[in-house]
Amino acid sequence: MASEAQDISMESSPAPPTDEPMYGGYSRFEIELEFVQSLANPFYLNHLASQKLLTQPAFIAYLAYLQYWTKPPYLKYLTYPGPTLKHLELLQEERFRQDIMSPDLVQKLVEDEMKASVQWHRTD
């Protein structure tokens, strides 16, 4: 009763054909989703500030453009919508873009996120 084994391809299935251009194998949607979600990390925000990106008009305009993530249908794709959207909103303010250089503010944001996470788990 030997059954013939079939070779199973380990390659991922091909991406559906699309007219959207790809950048390094990723769509603009995927790249922007990954970037906007990285804004949930206070240490990354501090890094952006230390690289002087938060003072560049083009980058500030890009942050304003990313506000579309705050609305459906895009909102549902965010893994951590709370801190992601909170930081995206704060980054619209010049004062915050300056203050995020402070390690004290970074630490406060981390602590606030930890407290929010603990509170969220307690309500279940």
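**A question to begin with**

In which helix do Asp-112 and Lys-108 both lie, and how many residues apart are they? Both belong to helix 6, where they sit 4 residues apart, about one turn of the helix. Helices here are DSSP runs (H or I, at least four residues), numbered from the N terminus.

**About the model**

This is a predicted model, in which local features need pLDDT of at least 70 and side-chain atom pairs count only at pLDDT 80 or more, while totals for chains, interfaces and linings use all residues. Residues are numbered from 1 along each chain as its sequence is written, and side-chain values use heavy atoms, with hydrogens and water left out.

Leaving aside residues up to four places away in sequence, Leu-39 touches Tyr-44, Leu-45, Leu-48, Leu-63, His-87, Leu-88 and Leu-91, where contact means heavy atoms within 4.5 Å.

**Helix 1 against helix 3**

Helix 1 and helix 3 pack at an angle of about 100°, with their axes 12 Å apart; the axes are lines fitted to C-alpha atoms over the stretch in contact, and angles run from 0 to 180 degrees between N-to-C directions. That makes helix 1 roughly perpendicular to helix 3, a description used for angles of 65 to 115 degrees.

In this packing, Arg-28, Glu-32 and Phe-35 of helix 1 meet Phe-59, Tyr-62, Leu-63 and Tyr-65 of helix 3.

**Salt bridges**

The structure holds 3 salt bridges, each defined by a side-chain nitrogen of Lys or Arg within 4 Å of a carboxyl oxygen of Asp or Glu. One of them joins Glu-32 to Arg-28, with the closest N and O atoms 3.0 Å apart. Glu-32 is buried, with a relative accessible area of 5%, whereas Arg-28 is partly exposed at 44%; buried means under 20% relative accessible area, exposed over 50%, and partly exposed in between (1.4 Å probe, protein chains only).

Arg-95 and Asp-99 also meet in a salt bridge (2.9 Å, N to O), and here Arg-95 is exposed, with a relative accessible area of 57%, while Asp-99 is partly exposed at 29%. The pair from the opening question, Asp-112 and Lys-108, forms a salt bridge as well, with the closest N and O atoms 2.9 Å apart.

Conventions: Helices (H or I, at least four residues) and strands (E, at least two) are DSSP runs, numbered from the N terminus. Angles under 35 degrees count as roughly parallel, over 145 as roughly antiparallel, 65 to 115 as roughly perpendicular and the rest as oblique.
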